[in-house]
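Hi there,

Here is the structure I promised to pass on to you. Have a look at it first, and then read on for what turned up.

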Amino acid sequence: MTSNSTFNQETGASEVAKVYSDAVRDKTVVIVGVSPQSLGESTAMALASQSPGLLVLASRTTLKMSAVASKIKAQHPDVRLETVEVDLASLASVREAADRISEVVDDKIDILINNAAVVMQTHAYTKEGLEMQFGTNHIGLFLLTNLLMPKLIRAAEKSPSKGTTRIVNLTSAGHIISPVRFSDYNFTKRPEDIPEQERPMSRPGVSFDPPPGKTYVPFVAYGQSKTANILMSVSLSEKLAQEGVRSIATHPGSIWTDLSRDLDEEHQNLVSKTGSFWKTLDQGSATTLVAALDPKLSEDTSVIYLSDCQVAEPAAHAKDPIAAERLWKLSEEIVGQVFAYGDKSRL
């Protein structure tokens, strides 16, 4: 249960930020994934209105970030603002960005919002050869988050209230389509050639199987990456509970954003049929800010998923602690680095 039962699908991020202004004021906030007409921009604008100590925007395209930064400065000239370029499809770029963010934030990060994502129509790959949506939407953010963890733990140590240091991972209701395909996360096999528990959702009249001779279905790959976002929050909250760091995954709802830029008309038509209530960008960012700011969410460490500004239940495969730990270990193997918490000497 969140602290405000009146918040719902129509609530806007600007309203949430005002209600929880004390949780924003003087805080250092990092938002990953910011461009014009995006959830990242809406989130940043709402936070900027409540006098954060430092707002760091991290995204792939400097020109787009600069446009958002200029808009923030025009409306909130006193806000301290930094921008950092990061390509989540390149682990080298992620490491460089983590170093740069660590420099500009000085001592701590109070809130990290992992808003960045891609939606692909074709079977594309990251610099390291990972399926693009899994590699960008999960692996890149997994590495960035863990490289920034010393700053987050430092914020938790300095905070008078345990659990107010937050990591918010934006996911999607589309996570129900697919669990993580541990045996085939790059989509080189057909569904019948992977374990049954890793196959995509099946419903009467709805098939997420690839065409004959093919192995890739874009929405299944997207669903896998969004399941991974929730499982990452499960792991982070479990591993960092004693440190006072909380992680919550959020479903923003149905919103038309620049995220669909790589989809053709056919796939955009499919997306248009998935929502019964289409939100504005301000409404779409509201759940993220509830997850980041609501003080009541510090108390219940079992909360890992929000939708429409309230606590919700993800699919069973997205909250399984065994799958979460398995994904954590797989992610460490992929990035070539082990992250252990509770032992300060390893940070």
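**Helix 6 and what it packs against**

The buried residues of helix 6 pack against helix 4, strand 4 (111–114), helix 5, strand 5, helix 7 (218–239) and strand 6 (245–251). Helix 6 itself runs over residues 149–158, and its buried members are Met149, Lys151, Leu152, Ile153, Ala155 and Ala156. Buried here means under 20% relative accessible area, exposed means over 50%, and partly exposed is what lies in between, with a 1.4 Å probe and protein chains only. Contact means heavy atoms within 4.5 Å. Helices (H or I, at least four residues) and strands (E, at least two) are DSSP runs, numbered from the N terminus.

Before going further, please note that this is a predicted model, in which local features need pLDDT of at least 70 and side-chain atom pairs count only at pLDDT 80 or more, while totals for chains, interfaces and linings use all residues. Residues are numbered from 1 along each chain as its sequence is written, and side-chain values use heavy atoms, with hydrogens and water left out.

**Helix 4**

Helix 4 covers residues 91–104, and its 14 residues reach 20 Å from the first C-alpha to the last, close to the 20 Å expected at 1.5 Å a residue (the expected span being 1.5 Å times one less than the number of residues). Which of its residues are buried? They are Leu91, Ser93, Val94, Ala97, Ala98, Ile101 and Val104. Seen down the axis of helix 4, these buried residues fall within an arc of 145 degrees, so they line one face of the helix; the arc is that of the directions from the helix axis to the C-beta atoms. In general, an α-helix has 3.6 residues a turn, so residues three or four places apart point the same way. On the other side of helix 4, Glu96, Asp99 and Glu103 are exposed.

The cover over the buried residues of helix 4 includes strand 1 (28–32), strand 2 (54–59), strand 3 (81–85), helix 5 (132–147) and helix 10 (321–335). After helix 4 comes Asp106, with a positive phi near 65 degrees.

Most residues other than glycine have a negative phi, but Asp26 has a positive one, near 70 degrees. Asp26 sits in the loop between helix 1 (13–19) and strand 1, and it counts as exposed at 57% relative accessibility. Ser51 also has a positive phi, near 60 degrees. Ser51 belongs to the loop between helix 2 (39–48) and strand 2 and is partly exposed, with a relative accessible area of 42%.

Pro314 is in the loop between strand 8 (310–311) and helix 10, where it counts as buried at 7% relative accessibility. Leaving aside neighbours within four places in sequence, Pro314 is in contact with His175, Ile230, Ile304, Tyr305 and Lys319.

Pro295, in the loop between helix 9 and strand 7 (305–307), is partly exposed, with a relative accessible area of 46%. With neighbours within four places in sequence again set aside, Pro295 is in contact with Tyr20 and Arg166.

His76 lies in the loop between helix 3 (62–75) and strand 3 and counts as buried at 17% relative accessibility. Not counting residues up to four places away in sequence, His76 touches Met45, Ala48 and Ser49. The C-alpha atoms of His76 and Met45 are separated by 8.8 Å, with the two residues 31 apart along the chain.

**The second largest pocket**

The second largest pocket has a volume of about 220 Å³. Of the 16 residues that line this pocket, the closest to its centre are Ala23, Lys27, Ser159, Thr164 and Thr165. Strand 5 (165–170) and helix 9 (281–293) each supply at least two residues of the lining. A pocket is an open set of points on a 1 Å grid over the protein atoms alone, with protein on both sides within 12 Å along at least five of seven lines, and lining residues have an atom within 4 Å of a point. Grid points are joined across faces, edges and corners, and a volume is the space filled by probe spheres set on the points.

Best wishes

Methods. 1 Å grid on protein atoms, 1.4 Å probe; cavity = no way out; pocket = protein on both sides within 12 Å on 5 of 7 lines; lining within 4 Å.
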